[in-house]
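These are my notebook entries on a single model. I recorded what I looked up, entry by entry.

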Amino acid sequence: VLLNTTIAGYEFDNCLMNAAGVCCYDHEELTMVDQSSAGTFVTKSATKTSREGNPLPRYQAVPLGSINSMGLPNLGLDYYLDYVRQLEKQTKKTYFLSMTGLSKEETLEMLKQVELSDFKGMVELNLSCPNVPGKPQLAYDLPTTENLLTEVFAFFTKPLGVKLPPYFDIAHFDAAAEVYNKFPLAFVNCVNSIGNGLIINDETVVIKPKNGFGGIGGDYIKPTALANVHAFYQRLKPSIKIIGTGGVKTGRDVFEHILCGASMVQVGTALEKEGVEIFARLSQELTEIMQEKGYQTIEDFRGKLQYLA
Ligand code: RRO
């Protein structure tokens, strides 16, 4: 069986990759993902200039997942853009550059820089960081999101997709999809962490920033992630592919994301816990499920979730 996939006409040998924020801070971590079984990588969301992020401890794994309030620590756009452009000279792989400005003006300035560069990959514009104090998750404000994307697509011609927060109401799926369908997006990525959860140990929070509030990942979020993948698969025009992210730690989880409509599947919390060897394990487990069911490619079952009569 084959695990290859396509997004916006770009081909990937394997449909698995890291989720932004995990194993992608610097060239050492990115090289590990690049040399693993993953089909490609996405960089840590970059701002225009580097950031230290929030005070430690700011990430905690727990039995059912993780909580984080990293606060967008990153090495700045130039670092990631230069590294990916260097890799592009050595391989034919397509890489994802994640970015998010701290203002509309910063986002547009960064995208203009990418547009003018010889970067050949895809941009994942993060509209859903839950952890910068005072900055709400942009994609929960649909008029502001529509205004930003209108300005972006007035000049940006390279393939670009958006990283979305989870939505929790059918009316919000409808309203959000109506906005995203207005634009020539390459993909939407569902979902970022569930924002502003709280995990307690004995009587005390487990991370320092925001008095313990942080984005939730892992097992906790798989049903929400699958619902968002499928809701957008049902509503978006076929040219907008879906990247599925949330609660992936087994081949069965990957299978379910693809069944819901995902063309690519990202791994966050479980990659942080297990390391890049997870991509070979997930590939093997997905392969075994596909063999058992007689599927030869992921297109044989992508989006074909069955409903009760
Ligand atoms: O850096 C973070 O705190 C962070 C970001 Br930008 C994001 O998009 N999602 C997340 O869970 N953490």
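Through how many residues does a hairpin join strand 4 to strand 5? I found that two residues make this link.

**Conventions.** I worked from a predicted model, in which local features need pLDDT of at least 70 and side-chain atom pairs count only at pLDDT 80 or more, while totals for chains, interfaces and linings use all residues. I number residues from 1 along each chain as its sequence is written. Helices (H or I, at least four residues) and strands (E, at least two) are DSSP runs, numbered from the N terminus. I call two strands paired if DSSP finds at least two bridges between them.

I then followed the pairs. Strand 4 and strand 5 are antiparallel over four bridges, and V62 stands opposite G65 in strand 5. Strand 5 also pairs with strand 13 (residues 213–217), in the antiparallel sense, over three bridges; here S66 is opposite G217. Strand 10 and strand 13 run antiparallel and are joined by three bridges, with F213 in strand 13 as the bridge partner of L198.

I traced a second open sheet, of seven strands in the order 3-15-14-9-8-7-6, with parallel pairing. Its edge strands are strand 3 and strand 6 (96–99), each of which pairs on one side only. Direction ignored, neighbouring strands are turned by 25 degrees against each other on average. Within this sheet I looked up strand 7 (residues 122–126) and strand 8 (residues 160–164), which pair in the parallel sense over four bridges; E124 stands opposite G161 in strand 8.

**Helices on the strands.** I count two residues as in contact if their C-beta atoms, placed from the backbone, lie within 7 Å. Helix 6 (residues 222–235) lies across strand 9, strand 14 (241–245) and strand 15 (262–267), and runs at about 175 degrees to strand 14. Helix 7 packs on the sheet as well, touching strand 3, strand 14 and strand 15, and its direction makes about 145 degrees with that of strand 15.

**Helix 7 and helix 9.** At what angle do helix 7 and helix 9 pack? I read about 65 degrees between helix 7 (residues 251–259) and helix 9 (residues 278–293), with their axes 7 Å apart. G251, R252, V254 and F255 in helix 7 meet L282, E285, L286, E288 and I289 in helix 9. I sorted this contact by class as five nonpolar, one polar and three charged residues; Ala, Val, Leu, Ile, Met, Phe, Trp, Tyr, Cys and Pro count as nonpolar, Asp, Glu, Lys and Arg as charged, and the others, Gly among them, as polar.

**Ligand shell.** I listed 15 residues around the ligand, the closest being M70, C129, N131, S193 and G215; a residue is near if its C-beta atom, placed from the backbone, lies within 6 Å. The shell divides into four nonpolar, eleven polar and no charged residues.

**Backbone exceptions.** I found a cis peptide bond between L56 and P57, with omega about -5 degrees; P57 is in the loop between helix 1 (27–34) and strand 4 (59–62). The bond from C190 to V191 is also cis, with omega near 10 degrees, and V191 lies in the loop between strand 9 (187–190) and strand 10 (194–198).

C23 has a phi of about 55 degrees and lies in the loop between strand 3 (16–18) and helix 1; C23 counts as buried because it has 23 C-beta neighbours inside 10 Å. L72 has a phi near 65 degrees and is in the loop between strand 5 (65–68) and helix 2 (77–88); with 20 C-beta neighbours inside 10 Å, L72 counts as buried.

Notes
Axes fitted to C-alpha atoms, helices over the stretch in contact; angles between N-to-C directions. Buried ≥ 20, exposed ≤ 12 C-beta atoms within 10 Å, placed from the backbone.
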